[in-house]
Amino acid sequence: MRRCIGLARLGAGKVSPNPMVGSVIVHNDRVIGEGYHQRYGGPHAEVNAVNTVLERYPNAADLLSNATIYVSLEPCAHFGKTPPCADLLIRHGIPRVVVGCRDPFDQVDGKGIEKLTAAGVKVTVGVLQEACEDLNKRFFTRVRKQRPYIILKWAQTADSFFAPADGSQRWITSAAAKRLTHRWRSEEDAILVGKNTALADDPQLNVRHWQGRNPTRIVIDRRLDLPETLRLFDQSQDTIVLNGLKTDKQGKISWLQLEDFDHYLPQLTAFQLYLLDVQSVIVEGGVKTLELFINAGLWDEARIFTGPQSWGEGTRAPSVRGTSIYSADYGPDHLQVIRNRTNL
């Protein structure tokens, strides 16, 4: 199952809004096939694992009929982009299926397990369940809470300042932290900033320091004050402007009018992203935007870089309370990852 989880992670940033899934097929204590869900709309992990056995072994049918397949998430039981994986396993006569965790999606949720059991397959559920659920925390959050998995990210000085008092741009962290940030962007569906950050930093919000998919850029601009000359509007990647005036689309730029900017803005933003199939979003700032989500309790994870320099003055960084789940140094910078206790 640990191998299934490792394989599944290879699909990070490529399969959303589907879950990441890995699968391993074992015959007489020997791995004979494995696979993972590689891209949205493509074959599922179980299909790829079975196909590797069919391609490698002339006696594949005999091997499969005496094999155990391990899969990190319950095999699907419905027709979606692809046929049901439960039917595939039954058709090939695989006698035993070991499942990491159930799929909370309504069209699956126990139905794949029921279908396999009804066909005489021995099913074991809950192996490394916590790790398998954590693997797909984005998918589980979207299905269970009807919103994206929300990651807050910022950098602060050693004395907890976020930005210069005059609103100018000044780097806090190193190149190593920047590379990691760009890797994170490649793994999530979207990245969100407020109007002031867009004006002060003129960010590109892409993955130029990492190989991978660019996230959808999202900016909150209530009165559409941002100039079209900003790099956010360069048509290089999908961009959504959340505003109070219009809904429109030109090329890769979409304007989405929100009902109310004065009440429940974080909740309305999260729900609109859910409707757009955005499964995860990194909120990068500025301080007012981050604090909107913090004060609403609407966040799942905070990733905070602390650089070595001290400024003595400036705009104070936000603060959050939660459970520290990871801590490490990247070059001269320290990273701490905090999970929101109320969303565990």
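Predicted model: local features only at pLDDT ≥ 70, side-chain atom pairs only at ≥ 80, totals over all residues.
**Helix α1**
- In helix α1, which spans residues 2-9, the buried residues are C4, I5, L7 and A8.
- These residues lie on the same side of α1, because the arc they cover around the axis is only 165°.
- The elements that cover the buried residues of α1 include the strands β1 (22-27), β2 (30-36) and β3 (68-73), together with helix α6 (129-135).

- E46 counts as buried because its relative accessibility is 3%, where the cut-off for buried is under 20%.
- When residues up to four places away in sequence are not counted, E46 touches S23, I69, V71, L73, P75, C76, C85, L88 and L89.

**Helix α5 and the residue after it**
- Helix α5, residues 111-118, has G112, I113 and L116 among its residues, and these three are buried.
- The buried residues of α5 fall within an arc of 100° when seen down the helix axis, so they line one face of the helix, whereas E114 and A118, on the other side of α5, are exposed.
- The packing partners of the buried residues of α5 are helix α4 (85-91) and the strands β4 (96-101) and β5 (122-125).
- Just after α5, the backbone at G120 takes a positive phi of about 90°.

Conventions
Residues numbered from 1 in each chain as written. Heavy atoms only, no water. Buried < 20%, exposed > 50% of the residue type's maximum accessible area, 1.4 Å probe, protein only. Helix = DSSP H or I, 4+ residues; strand = E, 2+ residues; numbered from the N terminus. Arc of directions from axis to C-beta. Contact = heavy atoms within 4.5 Å.
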